[in-house]
Amino acid sequence: MLQSLFLQEDQEKTKTEKVYKFQDSWKHKRPWLKHDKSKLIMWCEVCRRFDTGKKKNSFRKGTKSLRLPNITSHEASPAHVTACNKKDASMLAVQNRPMPMAVQRMEAKKVDQMSTLFRSAYYLAKQARPFSDFPMLMKLQRSNGLATVGKTYLNDKEARVFVDYIAQTIRSDMITHIQTSDFVSVLADGSTDRGAIEEEVVHVRYLRDNIVPTTAFVALKPLERGDAEHVTSAVKSALQDDLLMEGAWSQKLVFACFDGAPVNMGHISGVGVRLKEECPHLLVLACCAHRLELVFKDVLGEVQYFSTIHDMLSNLYKFYHYSPLNWQGLRNAAEALNIAVLKPVRATGTRWLPHLERAVKAVCRDFRALVQHLGHLEEIGDTGTKDSRDKARGILQVVKTVKFVMFLNFLVKYLELISAVSKVFQDNDSTIEVVFRRVNSVVSSLTKLAKPAKLNRILSDGLEERDGSFVWKETVLTTGRPQRGRGRGGNHATYKEEVLQDCQRICDSTLHHLGRRFDVILSNPVYNSARVLFQFSTWPTEEEDDDFGEENIRTLHHHFHAVLEQKDFDIDSCIREWLELKSVCRAQLAAMHQTPHFSTFWTSVLRRERDEDFKNIFTILRNKVVVGGWETPSIYHPLWA
């Protein structure tokens, strides 16, 4: 009886309790107020986005108490007012926001001081100097009256902070431009730090504003192992994580360049093969400058005397570089002969063909002083150690022979030719056309150099026969035993024939290995098409132009079909635009007094012509530039591989 009485009372209370509903009129002048009819909650959108305080705020999560007093109470709360202020500040222009305005209100002197600090920190980072140099650098500037920066920031910790902010700004700018670039290339090389940890250095090549080709350092990625799997992961990590490209990298990446190591260029499971699994259109090449070095290395191993000379030049460098006593002796000998002498240079090193050329020319230039000092050290023996005298004797036995001098004359001409090609490959402005032209040029020059008549003149340059002896640069040479002759001595003809055969073998071997290592570029239809299409110096005249370039466009479209289609590329429209672009370019070239540089011309075309008029052909042009265009830093040229 009692339970039924209580139940009846609860039912009557429920019937009389008021139910609140959300009124749309509450939203008037309250754009921040939101309501979900299905969940029967309301919330403040501004507080959800801008209220970062720790105090409880029911309108941030959403409240089921749908009453107007709750809304007015929240509207007047400090948390809501602060959130609204933050929202208003975020909608202002950057220069009108509180922090930039505070910076703008700073005294001009303070701005100059901070600029000096940032520039100085950037200088240290750019020159790879330790941050501990920062206080002394600023002290020097203050002593010279160039900067008055106070004492607050003059320590290595603040220098690190400045560099971090600079790096963040540069990286953010680079990422923005890379993400807007139609295509990118990746250039990577292995390295080892002082802790003997293997690392991969990754650069990317892209088009800033889709116009200016730029190559930038991305990351130095440590490797657990230097195999293809880990190198590939490092390259992909640099693109995905460091450049924030995520899955888009496989659609933008059109070219990859590595050195010629098997881990990179292996045909079964090299880095290039692994990248192609995700980017079937990817072009992968090894560095052209490295290819040329490998050509020379192959030749060096095939001609025994060539290898002997190379080792002797290395020993000569060490003999004077690591011994101040020997170097002083050489200077004394040169002074007695009244000639200027320079220390012998190293014949090996990074891009070592120019090193070897300088080493050979140094021996030719300082030959008299070298022979006199080495002979004095060997015969008199009153200076230096027994080890030095033995080394001097060994070097002199090679240097003072007729065969060495003849071979030296040949090397001067040969290395001038090969080194010139190496320097072109290292040039920032090299293009595909330059590579083709230089390789063909060196083939032609080597063919002429290998002719017996020309070789005879080169080998005998400056060499005289006096009273049965051979003299070169006023130095009497020894004969020794010919390599292929018989007996204890030989005449001029014997030595010349011997060296002539070696020189011809060097020329023939160089031609063979040049073809073997560069055929992958010279015969590649994609590179050929890109070269022919945009190298205006090779264009036929307007009268001879019979559908010139159309087949090349189709070749490029066939190879890069997947990535071009994503740019809404249309092959028929591209060919029509190409015909119009040729007319525009020919008119511009005709108005110029001299042929412009490749990069200057095409950059001006991209800047001047409307992109809408040449949308498709400009897509091909941008692809070509990223794969192998202009202005790539000599760290690694995409054409080099």
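This report describes the nonpolar cores, the pockets and the salt bridges of a predicted model.

## Nonpolar cores

In soluble globular proteins, nonpolar side chains tend to be buried together. In this model, the largest nonpolar core comprises 117 residues. Within that core, the residues with the most contacts are F306, F404, F410, Y414, W602 and I617. Helix α20, which spans residues 402-425, makes the greatest contribution to this core, supplying 14 residues.

The surroundings of F410 can be given in detail. When its neighbours within four places in sequence are set aside, F410 is in contact with L449, L455, I458, L459, C503, I506 and C507. A second core of 30 residues is separate, and V202, V231, A234 and A238 are among its members.

## The largest pocket

The largest pocket holds about 660 Å³ of space. Its lining is made up of 17 residues, and those nearest the centre of the pocket are Y122, K126, A167, I170 and F217.

Of the elements that line the largest pocket, α9 gives the most, with seven residues.

## The second largest pocket

The volume of the second largest pocket is about 510 Å³. A total of 24 residues line this pocket, and M265, H267, V284, R291 and V520 are the closest to its centre. Two or more lining residues come from each of α12 (262-265), α13 (271-278), β7 (283-286), α14 (288-302) and α23 (492-522).

The element that gives the most to the lining of the second largest pocket is β7, with four residues. This lining divides into twelve nonpolar, eight polar and four charged residues.

## Salt bridges

Side chains of opposite charge can pair when their charged atoms come close. In the model, the count comes to 17 salt bridges. One of them joins D133 to R129, with the closest N and O atoms 2.9 Å apart. D133 has a relative accessible area of 24% and is therefore partly exposed. R129 is likewise partly exposed, with a relative accessible area of 44%.

A salt bridge also links R208 with D173, where the closest N and O atoms are 3.2 Å apart. Because R208 lies in strand β4 and D173 in helix α9, this pair ties together parts that are 35 residues apart in sequence. R208 counts as partly exposed at 26% relative accessibility, and D173 counts as partly exposed at 34%.

## A further pair and a network

D227 and R225 meet through their side chains in a salt bridge, with an N to O distance of 4.0 Å. In this pair, R225 has a relative accessibility of 53% and so counts as exposed, since the term applies to values over 50%. Salt bridges that share partners also join D182, K567 and R622 into one network.

Methods. Residues are numbered from 1 along each chain as its sequence is written. This is a predicted model: local features need pLDDT of at least 70, side-chain atom pairs count only at pLDDT 80 or more; totals for chains, interfaces and linings use all residues. Side-chain values use heavy atoms; hydrogens and water are left out. A nonpolar core is a set of buried Ala, Val, Leu, Ile, Met, Phe, Trp, Tyr and Cys residues joined through side-chain atoms within 4.5 Å. Buried means under 20% relative accessible area, exposed over 50%, partly exposed in between (1.4 Å probe, protein chains only). Contact means heavy atoms within 4.5 Å. On a 1 Å grid over the protein atoms alone, a cavity is a set of points where a 1.4 Å probe fits but cannot get out, and a pocket is an open set with protein on both sides within 12 Å along at least five of seven lines; lining residues have an atom within 4 Å of a point. Grid points are joined across faces, edges and corners, and a volume is the space filled by probe spheres set on the points. Ala, Val, Leu, Ile, Met, Phe, Trp, Tyr, Cys and Pro count as nonpolar, Asp, Glu, Lys and Arg as charged, and the others, Gly among them, as polar.
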